[in-house]
Amino acid sequence: MLTDLTRVITSNRPRFAYNVTSVEGFGALLDWGETHQKAMVLQCSERYLKDLGEDFFRRLVVPRLDESPVPFVLHLDHAGSLEAVLKGLQIGFSSVMFDGSTKPLNENIALSQQAAKLARMAEVSFEAEVGHVGGAEDGDEEEAALFTRVEDAKAFAEAVPLDFLAVSVGNAHGRYRRPPKIQLDRIADLAAAVSVPLVLHGGTGIPLSDLVEATRRGMAKINLGTELKLAWVAGVQSALAAGETELDRIRAGARQSVTRVIQSMEELLAP
Ligand SMILES: [Zn+2]
């Protein structure tokens with residue numbers, strides 16, 4: 001069944017949220033959840049919503065997840081406008097993120113309040129971002145990060161009725177050029193200042209020990225997108241290197257490769 005984020009992730013129950021960027025990736029995530037009877041968080045950015053097609057989500061992903069005996073969250077990642085939030089709700093996403101983090105704080109608060117209202121009306125969970133996570137969501141040019149200040153997070157969380165708060169603590173989207181330095185103390189300070197669980201975008205490439213420590217300090221949702229894309233590509237490449245020419249076998253290689261990432265990540269945060 002489709003459910004919202006608050007029923008799957010809490011501060012005491014940190015989980016990965018996986019970006020759906022391919023048909024094989026969706027199949028791997030669905031299979032994993034159903035085989036292990038484990039609630040999974042799937043999410044999609046506007047870019048891959050466009051790439052895979054709205055109908056892929058509306059007619060296939062949403063009904064398939066909803067009819068499953070296992071709970072799944074389908075979260076809209078980084079909606080950049082109120083129109084995008086509305087579209088996600090119409091498609092049937094069970095949770096949404098509005099990202100106004102490139103705007104000045106007051107504007108971000110005002111827009112996030114409106115987006116939160118839309119999410120509340122649809123009875124789905126709501127995530128917003130304060131500070132700004134650098135790097136383009138889907139691996140484009142790097143943008144400058146703006147670390148989340150504790151006082152901004154506090155003001156934001158008091159003004160916006162939200163369920164999850166994405167913060168910038170040394171994390172970035174896409175592939176890190178240098179090993180990231182996650183600011184664990186800032187995470188602890190932010191977690192103490194706001195009552196909602198925190199979200200770490202750009203989980204790919206962060207040392208696993210830092211990921212685990214981040215969850216101990218209050219990070220509850222860790223987004224993983226790039227890692228699944230890299231796994232898909234590696235799976236295709238190794239199938240090709242093995243001389244496969246049939247597409248079903250090449251796709252199966254991609255799917256197995258993605259499944260291995262899911263397995264190792266789920267084991268990392270297994271209770
Ligand atoms: Zn993100």
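**Entry 1: strand β1**

I started with the side chains of β1: R15, A17 and N19 point one way, F16 and Y18 point the other way, and all are buried. Buried means 20 or more other C-beta atoms within 10 Å of a residue's own; exposed means 12 or fewer, partly exposed is in between, and C-beta atoms are placed from the backbone. I noted that this is a predicted model: local features need pLDDT of at least 70, side-chain atom pairs count only at pLDDT 80 or more, and totals for chains, interfaces and linings use all residues. Residues are numbered from 1 along each chain as its sequence is written.

Why is β1 largely enclosed by the rest of the structure? I found that 5 of the 5 residues of β1 are buried, so the strand is largely enclosed. Strands here are DSSP runs of E, at least two residues, and helices are runs of H or I, at least four, numbered from the N terminus.

**Entry 2: partners of β1**

I looked up which strands pair with β1. Pairing requires at least two bridges found by DSSP between two strands. Strand β1 (residues 15-19) pairs with β2 (residues 40-45) in the parallel sense, over 3 bridges. N19 has Q43 of β2 as its bridge partner. With β8 (residues 219-224), β1 also pairs in the parallel sense, over 4 bridges. There, F16 has I222 as its bridge partner.

I then followed the strands around. 8 strands close into a barrel in the order β1-β2-β3-β4-β5-β6-β7-β8, with parallel pairing. From one strand to the next, the twist averages 30°.

**Entry 3: α1 against α10**

Next I checked helix α1 (residues 23-36) and helix α10 (residues 247-268). Their axes come within 9 Å and cross at roughly 50°. Axes are lines fitted to C-alpha atoms, for helices over the stretch in contact, and angles run from 0 to 180 degrees between N-to-C directions. The two helices are therefore oblique to each other. Under 35 degrees counts as roughly parallel, over 145 as roughly antiparallel, 65 to 115 as roughly perpendicular, and the rest as oblique.

I listed the contact residues: E24, G25, G27, A28, L29 and W32 from α1, and R251, A254, R255, V258, T259 and I262 from α10. Contact means C-beta atoms, placed from the backbone, within 7 Å. The residues of this contact divide into 6 nonpolar, 3 polar and 3 charged. Ala, Val, Leu, Ile, Met, Phe, Trp, Tyr, Cys and Pro count as nonpolar, Asp, Glu, Lys and Arg as charged, and the others, Gly among them, as polar.

**Entry 4: L190 and α7**

I turned to L190, which lies in helix α7 (residues 184-193). Is L190 buried or exposed? L190 is buried, with 27 other C-beta atoms within 10 Å. Leaving aside neighbours within four places in sequence, L190 is in contact with T148, V150, A153, V167, L198 and G218. I also looked up L190 and E129, 61 residues apart along the chain; their C-alpha atoms are separated by 13 Å.

The axes of helix α6 (residues 150-159) and α7 come within 9 Å and cross at roughly 30°. That makes α6 roughly parallel to α7. V150, A153 and K154 in α6 meet D189, L190 and A193 in α7. I counted this contact as 4 nonpolar, no polar and 2 charged residues.

Methods:
Contact = placed C-beta atoms within 7 Å.
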